[in-house]
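Open the model in your viewer and show it as a cartoon. Have the residue selection tool ready.

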Amino acid sequence: MEIGDLVLQNSEKYMLLLRSLYLQKGYQPYRMSKFEEYDLYAKNKGFLMSDNVITFTDTNGRLMALKPDVTLSIIKNSKDLPEVTQRVCYNENVYRVIKDTNSFKEIMQTGIECFGKVESEDIYQVIVLAAQSMQLITDDWILELANLDAVLWQRLQKESFAGNLRLTAKLDADLNYYNGTIMKGYINGIPSPVLSGGQYDPLMEKMHRRSRAIGFAVYINLLERVAGEQKDDGYLNVALPKGRLGDKVYGLFTGAGFGSPQYSENSRKLFFDNDEKRIRYFWVKPSDVSKYVERGAADIGVAGADILREYSPEVDELQDLHLGVCRMVVAGPRDFEDDSTKTLRIATKFTNIANKYYQSRGRNIDIIKLHGSIEIAPLLGLSDVIVDIVETGTTLKENNLRVLEEVMSISARLIANRSACKFKGEQIEALKNKLAELVEEKND
Ligand code: PRP
C-alpha cells in the first residue's frame with residue numbers, strides 16, 4: 001500500500017523524502033530518547049541555541065532535560081574514532097524557548113551528522129547533500145555558505161544546482177559552535193532559514209573528542225507552509241510605523257521616488273501601493289514593525305533602534321535613516337542621589353535594555369515594567385529612576401526630572417527580513433541605496 005499526498009501533511013512528506021535521501025546516501029538512522037541528563041547541557045551551555053531547558057527529576061532522582069538539541073546527544077553517545085568516518089541521520093523533536101512569549105515549542109528536525117575522520121571530500125559531500133535536501137523540497141531555494149574553502153567553491157560551480165548557491169563573507173550563526181564552513185538554506189516565502197549547519201570541531205574538542213564533525217538540520221515545522229496559500233505577487237511589502245515617525249519615514253520614501261499615488265494624508269486606509277514600483281506599504285504600531293519583518297509578513301520596515309535593541313528580532317539592519325533621533329536615558333528627580341546601599345528601583349518600558357545596562361555595572365536593581373507615562377513613577381515613589389526615551393526633553397522638564405546618564409542614542413533603521421534579502425535582494429538593495437543617498441544629502 002502506498003501512502004498518498006492526501007494523507008500526508010506537507011511536513012510529514014518532506015520528512016520522509018529527506019530521510020530516504022539520507023538512507024540512500026549511506027547514513028545510518030539514529031534513534032534517541034527524548035530525554036538527556038541535564039548535566040550534558042549545563043556543561044555545554046555555549047553550544048545551545050537557548051539557555052532555557054525544560055528539566056524534571058526522574059524516578060532515581062536524576063535531573064533530566066527534554067532535549068533542546070540533537071547533536072550533543074549524538075556525539076555524547078557515539079565512539080570517538082578519529083580514523084573512521086561515521087554518518088548518522090535522525091528525525092527528532094527538540095524543545096526550545098520562544099523568545100517573545102517565553103513559551104516552549106516542540107521543533108521537529110531531520111538532519112545528518114558526519115563525524116570522526118572528516119576530510120575535504122566529506123565536507124564537500126555534506127554540502128552537496130544539503131543542496132539536494134533543499135532541491136527535494138522546492139526549486140525556489142538558496143543555500144548560503146560562509147568560510148568555504150575556495151577549491152570546494154570552484155568545484156560546487158560545476159554542480160547542476162550551482163545557481164542556487166551563494167557565497168557570503170558573514171553568516172548569522174553562532175561562532176562558538178562553528179569553526180569552518182557554515183551553511184543556511186532559505187526557501188522563497190518562508191521567513192527564516194529552513195536548513196542550518198556547518199563544521200563544529202569546537203564542540204568536539206569541548207567534549208574531549210579527537211575527531212572532527214560537520215552536520216546540518218532541516219526544520220521540518222517550517223515546511224508546513226511550503227507552496228502554501230500565499231503566493232508571492234512580486235511586490236515588496238513595507239511595514240511603516242504609524243504616527244509621527246511614520247509620516248517622516250514615508251516622506252523619505254517619497255523623496256526617493258517610491259511614493260504611492262494611493263496615499264492620502266488623512267485617510268485611515270492601512271494599505272497603499274505603488275503598482276509601477278511594485279511596492280505595498282502598510283501602517284502598523286511602531287513597536288510591532290520588527291515582528292512583521294522578522295516573521296516575513298513584511299519584507300522590509302522601519303523601526304527605532306530602541307525596539308531593535310529591546311527585542312533583538314532576527315532581522316537584517318540595513319540603514320540608519322537618521323530620523324526620529326532621540327536618546328535612551330536614565331532620568332530621575334532633580335535632587336536624586338544614588339544610594340548604593342539600597343536596591344535601585346527602575347521603571348521602564350525597556351526592561352531588556354535597562355537590565356543589560358545595569359548588568360555591566362554590577363548594581364543591584366529592581367525593574368518595574370510599565371507601558372507608558374513612565375515619568376510619573378519616580379514622582380509617586382513607585383521607582384527611584386526611569387529608563388526612557390528623551391526627544392526634546394520637555395516631558396522631563398515639566399515633571400521636574402533630569403537626565404542622569406545616557407544609555408544610547410536612537411534613530412530609525414531600515415530593517416529587512418533575512419529570507420526576503422535572499423529572494424528580493426535586488427529590489428531591496430535598490431530601495432536602500434536610494435534612501436541612503438537621500439539620508440547622506442540631508443546630513444551634508
Ligand atoms: C515618549 C517617552 C517620553 C516622551 C519624551 O513617550 O516615553 O515620555 O516621549 O519626549 P520629549 O523628550 O520630547 O518630551 P510617548 O509619547 O511615546 O508616550 P508614552 O508615555 O505612552 O510612552
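This is a predicted model: local features need pLDDT of at least 70, side-chain atom pairs count only at pLDDT 80 or more; totals for chains, interfaces and linings use all residues.

Residues are numbered from 1 along each chain as its sequence is written, and side-chain values use heavy atoms, with hydrogens and water left out.

**Stop 1: the eight-stranded sheet**

Helices (H or I, at least four residues) and strands (E, at least two) are DSSP runs, numbered from the N terminus. Two strands pair if DSSP finds at least two bridges between them. Eight strands make an open sheet with mixed pairing, in the order β1-β5-β6-β11-β10-β9-β7-β8. Select residues 28–29 and then 165–168: these are the edge strands β1 and β8, and each pairs on one side only.

Next, select residues 182–187 and 195–199. These are β9 and β10, which run antiparallel and are joined by four bridges. G185 stands opposite L195 of β10.

Helix α1 lies across β1, β5, β6 and β11, and runs at about 10 degrees to β6. Axes are lines fitted to C-alpha atoms, for helices over the stretch in contact (heavy atoms within 4.5 Å), and angles run from 0 to 180 degrees between N-to-C directions.

**Stop 2: a salt bridge**

Side chains of opposite charge can pair when their charged atoms come close. A salt bridge is a side-chain nitrogen of Lys or Arg within 4 Å of a carboxyl oxygen of Asp or Glu. The structure holds 24 of these salt bridges. Select R87 and D122, which form one with the closest N and O atoms 3.1 Å apart. The pair links distant parts of the chain, 35 residues apart: R87 is in strand β5 and D122 is in helix α4.

**Stop 3: the five-stranded sheet**

Another open sheet has five strands in the order β19-β18-β20-β17-β21, again with mixed pairing. Its edge strands are β19 (365–369) and β21 (401–410), each pairing on one side only. Ignoring direction, neighbouring strands of this sheet are turned by 25 degrees against each other on average.

Select residues 344–348, which are β18; five bridges join β18 to β19, and the two run parallel. Which residue of β19 is the bridge partner of A347? The partner is I368.

**Stop 4: a hairpin**

Select residues 271–274 and 279–284, the antiparallel strands β13 and β14, joined by four bridges. N274 stands opposite I279. The two strands form a hairpin with four residues between them, and R278 in the turn has a positive phi of about 55 degrees.

**Stop 5: the second largest pocket**

On a 1 Å grid over the protein atoms alone, a pocket is an open set of points where a 1.4 Å probe fits, with protein on both sides within 12 Å along at least five of seven lines; lining residues have an atom within 4 Å of a point. Select P286, D306, K349, F350 and I389, which lie nearest the centre of the second largest pocket among its 44 lining residues. Helix α9 gives the largest share of the lining, four residues.
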